[in-house]
Amino acid sequence: MKSGGILLTTKNVTKRFETDDGLLHAVNDVSFDVRQGEIFGFIGLSGAGKSTLVRCLNLLERPDEGTIYFDGQDITTLSEKDLSLARRKMGMIFQHFNLFYQKNVFENIAYPLRLNGHTKEEIDARVMELLDYVDLADKKTAYPSELSGGQKQRVAIARALSTNPKLILSDEGTSALDPETTRSILQLLRRSVNEFGVTVILITHQMEVAKSICDRIGVLEDGRLIEEGPVEQLFVSPKQARTIRFIQSLEEEIEEDDLEALSGGRLFRLTFPGDSSRKPILSDLIRRFPVDVNFLAGNINVVRSGKVGYLTVEISGEPEEIENSLAFLTKNGVNHEEVKYG
Ligand SMILES: Nc1ncnc2c1ncn2[C@@H]1O[C@H](COP(=O)(O)OP(=O)(O)O)[C@@H](O)[C@H]1O
Ligand SMILES: [Mg+2]
């Protein structure tokens, strides 16, 4: 589904906490837009302010400053009653599922519908539909303790979807799951976007999760949104040096041992956007120029829009030949960024 209009806008949202070390800006002057029908991810290290930000979005946490427009309303000014109506348009999923352990699967999913005063018939029909949707019809009467992590998160997603929300907030919704289960949960979220037009704001500290599912990503660092953009742009041509460092720190590419093995050349991080990762550009380079290329680290990242490859290489040779090699790379669509070391 193509993204529609703006569903959520935050302007200058700030949340401070008093701590023993003084005032902490957990969320610091954060502004962004999320369009209807997109999956917007926030990534950041532990303590970056991700959970606080998401709690501000549904006003579980009152921001000290800033406004939050959701579905056409500034929700920071609503009365408690109107706020609770607005919150019904937001579903939430968590790392540890937050199911009711004394209720069975059916009752967990039915819970928001009961709060909303639906009839028994409506509730039965809707819950059965959702159970089919998340492929758990046979677990209707099971209790959460009898389910795997992936199944629990499916119940949580069904519960979050039960009232037809416009927005799903996921705070580390896949962080407790193994990689295969993570993939199936992400697919379920993507399917919900495609089929119901729901919008997802997804918070994760896992780069792979952000890359594989998000349309756009924001990077949080010490409470600040330091960069935001389409997923491919963020990985291929980040605007901020800090983002590059952040991505590198998550990928932990270069091992200490590799640095010790360097032979005095210059170190570059090469990025192969889109199609170029399938062409033999580096073997061409080695044939054409009298330089040595020492491969240190790399991976081919599959982002949603295609393949993006990274390689960290040491190039040694005459200074002029190194420059010629770099020009050749640029001509072939390979970006390079020198990595300082030592
Ligand atoms: N209720 C609170 N009181 C004081 N400090 C808090 C509170 N909630 C979060 N923090 C602090 O705010 C910062 C951001 O936390 P959090 O939003 O949980 O980060 P993340 O989800 O990115 O790991 C951390 O330094 C955390 O210790
Ligand atoms: Mg968190």
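Which residues of α12 are buried? In this predicted model, the buried residues of that helix are Ile322, Ser325, Leu326, Phe328 and Leu329.

## Helix α12

Seen down the axis of α12, these buried residues fall within an arc of 155 degrees, so they line one face of the helix. An α-helix has 3.6 residues a turn, so residues three or four places apart point the same way. Glu320 and Lys331 are exposed on the other side of α12.

Helix α12 covers residues 319–331, and its 13 residues should span 18 Å at 1.5 Å a residue. The C-alpha atoms at its ends are 19 Å apart, which agrees with that expectation. After α12 comes Gly333, which has a positive phi, near 80 degrees.

## The chain as a whole

The protein chain contains 12 helices and 14 strands. It has 342 residues, and 49% of them count as buried. Its accessible surface is about 16,300 Å², with 47% belonging to carbon and sulfur atoms.

Contacts between residues at least 6 apart in sequence were also sorted by separation. Of these, 69% join residues at least 24 apart.

## Nonpolar cores

In soluble globular proteins, nonpolar side chains tend to be buried together. Here the largest nonpolar core has 48 residues. Ile109, Val127, Leu202 and Ile217 have the most contacts inside this core. Helix α5 (residues 149–161) gives the most to the core, contributing six residues. Apart from this core lies another, of 29 residues, with Leu53, Leu59, Leu78 and Leu83 among them.

Ile217, one of the residues with the most contacts inside the largest core, can be followed through its partners. Neighbours within four places in sequence are left aside in what follows. Ile217 is in contact with Phe40, Gly41 and Ile43, and also with Ala210 and Lys211.

## Arg126

Where does Arg126 lie? Arg126 is part of helix α4, which runs over residues 120–133. Is Arg126 buried or exposed? With a relative accessible area of 16%, Arg126 is buried, because the cut-off for that class is under 20%.

The side chain of Arg126 makes a polar contact with the side chain of Glu129, at 3.1 Å. Not counting residues up to four places away in sequence, Arg126 touches Leu113, Leu161, Ser162 and Asn164.

Notes. Residues are numbered from 1 along each chain as its sequence is written. Chains are lettered from A and ligands numbered from 1 in the order in which they are written. This is a predicted model: local features need pLDDT of at least 70, side-chain atom pairs count only at pLDDT 80 or more; totals for chains, interfaces and linings use all residues. Side-chain values use heavy atoms; hydrogens and water are left out. A nonpolar core is a set of buried Ala, Val, Leu, Ile, Met, Phe, Trp, Tyr and Cys residues joined through side-chain atoms within 4.5 Å. Buried means under 20% relative accessible area, exposed over 50%, partly exposed in between (1.4 Å probe, protein chains only). Helices (H or I, at least four residues) and strands (E, at least two) are DSSP runs, numbered from the N terminus. Contact means heavy atoms within 4.5 Å. A polar contact is a pair of N or O atoms within 3.5 Å; within protein, one must be able to donate a hydrogen and the other to accept it, and residues adjacent in sequence count only if both atoms are side-chain atoms. Accessible areas come from the Shrake-Rupley method with a 1.4 Å probe; for residues, only the protein chains shown count as cover. The expected span of a helix is 1.5 Å times one less than its number of residues. The arc is that of the directions from the helix axis to the C-beta atoms.
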